[in-house]
Amino acid sequence: MSQPFRLNKEGLINRNKKISFTFNGKKLFGYEGDTIASALIANGIHLVGRSFKYHRPRGFFGAGVEEPNAKLQVEFNGHSEPNVNATEMELVEGLSATSQNCWPSVNFDIGAINNFLKMFFPAGFYYKTFMWPKSFWYKIYEPFIRKAAGLGVASIEKDKERYEHKFEYCDLLVTGSGPSGLASAYAAAKNGAKVILAEDKPRFGGTLLTDDVSIDNLSGKDWAEKIISELKSMPNVTVKNRSQVFGYYDHNMLVMFERVSDHLEKKSKFTPRQRLWYIRAKETILSTGSIERPIVFGNNDTPGIFLSAAAKEYMKVYGVLVGKKPLIFTNNDSAYETALEFKKNNVEPIILDTREEHSSELIDEAKSKGIDIRFSHGVIVANGYKKVKSAKIGKLNKDKNSFEKIEIVDCDCICVSGFWTPSVHLASQSGNKLKYEEKIDAFIPDKKKQHETSVGAANGSFTLEESLKHGFENGSNLSAKITETKTEISIPNVNEKKYGAHDKFWCMPLPKNENPKRFVDFQNDVSVSDIEIALREGYRSIEHVKRYTTLGMATDQGRTSNLNGLQLVSNIENKIVPEVGHTTFRPPFTPITIGTIVGREVGMEYMPTRKTPMHEWHEKNNAVFVDAGAWKRPRYYKEGNETLFEASKREAKNVRENVGICDVTTLGKIDIKGPDAAEFLNRVYTNAWMKLPIGKARYGLMLREDGIVMDDGTTTRISENHYHMTTTTAQAANVLSHLEYYLQIVWPELNVNVVSTTEQWAGAAIAGPKSRDMLSKLYPDLDVSNDALPFMGYKEADFFGVPSRIFRISFSGELAYEINVKSDHGMFMWEKMIEVGKEFGNQPYGTEALSTLRIEMGHVAGPELDGRTIPSDVSLNGLVSKKKDFIGKNSLGREAFNVESRQKIVGLIPIDRKSSIPEGSHIVQDQNAKLPNPKLGHVSSSCWSVENNNPFSLAIMKDGKNMIGKKFFAVSPLKNKSIEVEVISSHYVDPEGKRVRS
Amino acid sequence: MLYIKCPYCGLRAQKEFSYGGDATVKRPNINEEVSSEDWDNFVYMRKSPRGKHIELWQHIAGCRQWIKVQRDTATHEIFQTAKVTEEIR
């Protein structure tokens, strides 16, 4: 159970709590506070995966978000998650991690043969190889690429976890709790600002946890702890760890990903797994720090090669040695701190510094401690397949392109530092055009675009003193503008080591006749030669080079590779880096789970469910529901073993023969009031509205300004200046906005108010020849005769003690009424109707029967009013007034709308009187004609006519009524059906409309 | 997500609004003769400027008022919002 690479004392882990886990089936343990990576390294395990293209052995390279290699399939707390960054994921009891992209195992991977075939996998390999023959694409190439590509395996289980969204606002959002972030948050908090401080890692402090510095005589770590505990005690400050701000959107909206409970062994039922924060910040401090970049050399992807700062972090935070015989390969001073840390832990490093012999505070200290420093040196190639065993190193000539001396040194790890790259992702996402800073050979934010202020290393300041100063100043100034309070803060005394200048050296040359792979992008296996090929083949724009080689396109977004790639391109092209430019930074900064994006909007919570007041009755009586927008409507009421077809036929037939009731609550209802209401309706509808008497309903048709039918429905004049409009269920919201548009913008002079009353009224339709008899029983004191309540009549009456509205309107084409009561009385009304209706053979009917009834009557609905038809296309030109103006009238004169052959509504019946015609079928003259077969129209609605006992459809067809009597084919390739049909009138039942008036 | 200042309700998230197109288009008067050209221009022809654009939004999940918003179509910067009865210059 010993951990060979764990130090005895160092680190911030909790050595009192052991955590057991497995890696590729092997039982191991780590400590609370470990990541998967630190625990594996402590156990001496470095080989964790295989690379994307060549299946080369890969190990850890970084210690956090910068990690390009160590992506594992991880099972924990009942999940299986692919592509988990081993350097970020905290160890939890029972966690099980496995390597990805290798078969049969990470130690012996068949795919590694690609490594020996690498001459066949150059840049653009996929584009070049999988081009021809075309027929190979689906069956051979695509499955092959799919199998070869990708890393982990997504779970096919339903995600049982809970994810949340949270909306927050603040005066100042600080992204990152390193020295500059802490200083900014502290200064702003002291000014009374509402501050959110977000830290991606579990521990606050950033580089303060690993750098050998002191602030006001406290160690960096202690100072960070002091500031954090003070911030936590302030009511105006929210401090969040394990929370990454990953996107900067318009108008200072930032989005943060919080890992709430992945690190917990036990949690309460309602604790979410992860939480997405939408934060609207007045000001934003981007204190995201910087990421070390490597120097490129041969076989630089061998396990055991680390970024030098990562090696230091493993020692200082996790108490873990990445090796016991380290080579430090650097072009700058910061790697000396790693060397000194090794030395402190009794490990003897060798430093290879690409710079010529010189002196600086850190170099002198290393020298005084007796560390072996070799100037003008670098690693040419790492030896070892699954782990570094030795390195071929070279002493560079003055030209830095050839070698004075080459030798081999033994080592078990190489810690490389090629200087620092500010993390400018969020700044760039905010719209900030970045600028190239020659002094640090990297991009930093330019002029502010939104309210983003970059401080510290993210802004290219690499000294603690400067970072703190900028942090305090910006935090104080930005917040003072908002709170109008300014608390003076004295800037603390800082003790840090001064760095000398770095060397502009990014890629190790190769001796003659040696050609090992030199990787620029580890995650996508992009090497120096790939970039050279892309440029040789003529790619010039950095965006094209990126796409052709896939440089920087992996999940790590090229955090360690982009700048080295740019340097290479600029060297070969003989351009300076700013001329080459940089590729676009896009959110999210690191991969986030789909569950977090979705949040609580899953299953029942995906959208609100609208239920009518009678819903429970429908449920109890075996209704099968259908979604109509957010509404649940009974589609049919199942009796015994009935199918949908049988039930809807029974229900529709019963309406034609007896009486049926239908829940029509979902229809849109709009109350229209005001002295100009009639004038307004007259402009909105195509037909005349000025003379509608009080107590009468009228069918109305409304158009869009382009002449296309928008919606239809009845509107009833309740009193002098009060109308009740109904709309279709689907268009209710659009119609209301449409009316508001005209009242508020176009005709504000009209004194009219509109308001939705859809939710206020429950509605039931009573339809069928016996509906009047039933109505007279429902209203024993009311005269419901044809004279007293004629077609399109309206009455208000008492319904067993509750006020109600009676409209004599019909969608089914039968004698019919619609009763509205206040929603609270809906169930009462419905149950009373069921009770009273028994003696008349009343049955409830659903939307399927409703459709059947309207289709055989030739009443148009959504499928006909599909956003392409004008009134004359659907035989409603009788409703279009020639005398008055209305919305869309001027468009009806358009030439194309008045062509005789225009597609118009007709009816269709199958010649065999048996075959149902699928909706959506195309109407063609010859079913066997060569493709493309000229299409004459399409089937819009189909039903089984209960009146005539055969199928019947409505269709929108070229030449419309002129085609009546002719025969065609209705062809549905989707259903693989072709049915011979005859064109008839769209009014199949009761064409004169006698029944509704009876 | 945009942050839109409703002249009636104050600053609200874009989620509460729906977009309504170019606010400078004027509908020909009702009951007045209009040439085909003018009508077609009103119904179909819209400029698609890169830069400042005065547009309509409706605060559908709020006060339900239609409002004018002057927005930069490239940067999404919002310069001004106003009631529909007010002018944006």
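Predicted model: local features only at pLDDT ≥ 70, side-chain atom pairs only at ≥ 80, totals over all residues.
1. Overall make-up. Chain A contains 23 helices and 50 strands, and its C-alpha trace spans about 115 × 70 × 55 Å along the principal axes. Of its 998 residues, 50% count as buried. When contacts between residues at least 6 apart in sequence are considered, 67% of them join residues at least 24 apart.

2. The sheet. One open sheet of chain A has 6 strands, which follow the order S41-S42-S43-S40-S34-S44 with mixed pairing. Strand S41 (794-799) and strand S44 (843-844) of chain A each have a single partner strand and stand at the edges, so one side of each is left without a neighbour in the sheet.

3. A helix pair. Helix H5 (residues 179-190) and helix H6 (residues 220-232) of chain A pack at an angle of about 35°, their axes being 10 Å apart, and the crossing of H5(A) and H6(A) is left-handed. From H5(A) the contact draws on A:Leu182, A:Ala185, A:Tyr186 and A:Ala189, and from H6(A) on A:Ala224, A:Ile227 and A:Leu231. These residues divide into 7 nonpolar, no polar and no charged. As a general point, an α-helix has 3.6 residues a turn, so residues three or four places apart point the same way.

4. Helix H14. The 12 residues of helix H14 (residues 562-573) of chain A should span 16 Å at 1.5 Å a residue, and the end C-alpha atoms are 16 Å apart, which agrees. The buried residues in H14(A) are A:Asn562, A:Leu563, A:Asn564, A:Gly565, A:Leu566, A:Gln567, A:Leu568 and A:Val569. Their cover includes strand S25 (420-422), strand S27 (442-445) and strand S30 (519-521) of chain A, together with helix H12 (528-536), helix H13 (542-549) and helix H15 (577-580). Just after H14(A), A:Asn574 takes a positive phi of about 55°.

Key: Residues numbered from 1 in each chain as written. Chains lettered and ligands numbered in written order. Helix = DSSP H or I, 4+ residues; strand = E, 2+ residues; numbered from the N terminus. Expected span 1.5 Å × (residues − 1). Buried ≥ 20, exposed ≤ 12 C-beta atoms within 10 Å, placed from the backbone. Contact = placed C-beta atoms within 7 Å. Pairing = 2+ DSSP bridges. Axes fitted to C-alpha atoms, helices over the stretch in contact; angles between N-to-C directions. Left-handed = near helix turned anticlockwise from the far one by under 90°. Nonpolar A, V, L, I, M, F, W, Y, C, P; charged D, E, K, R; others polar.
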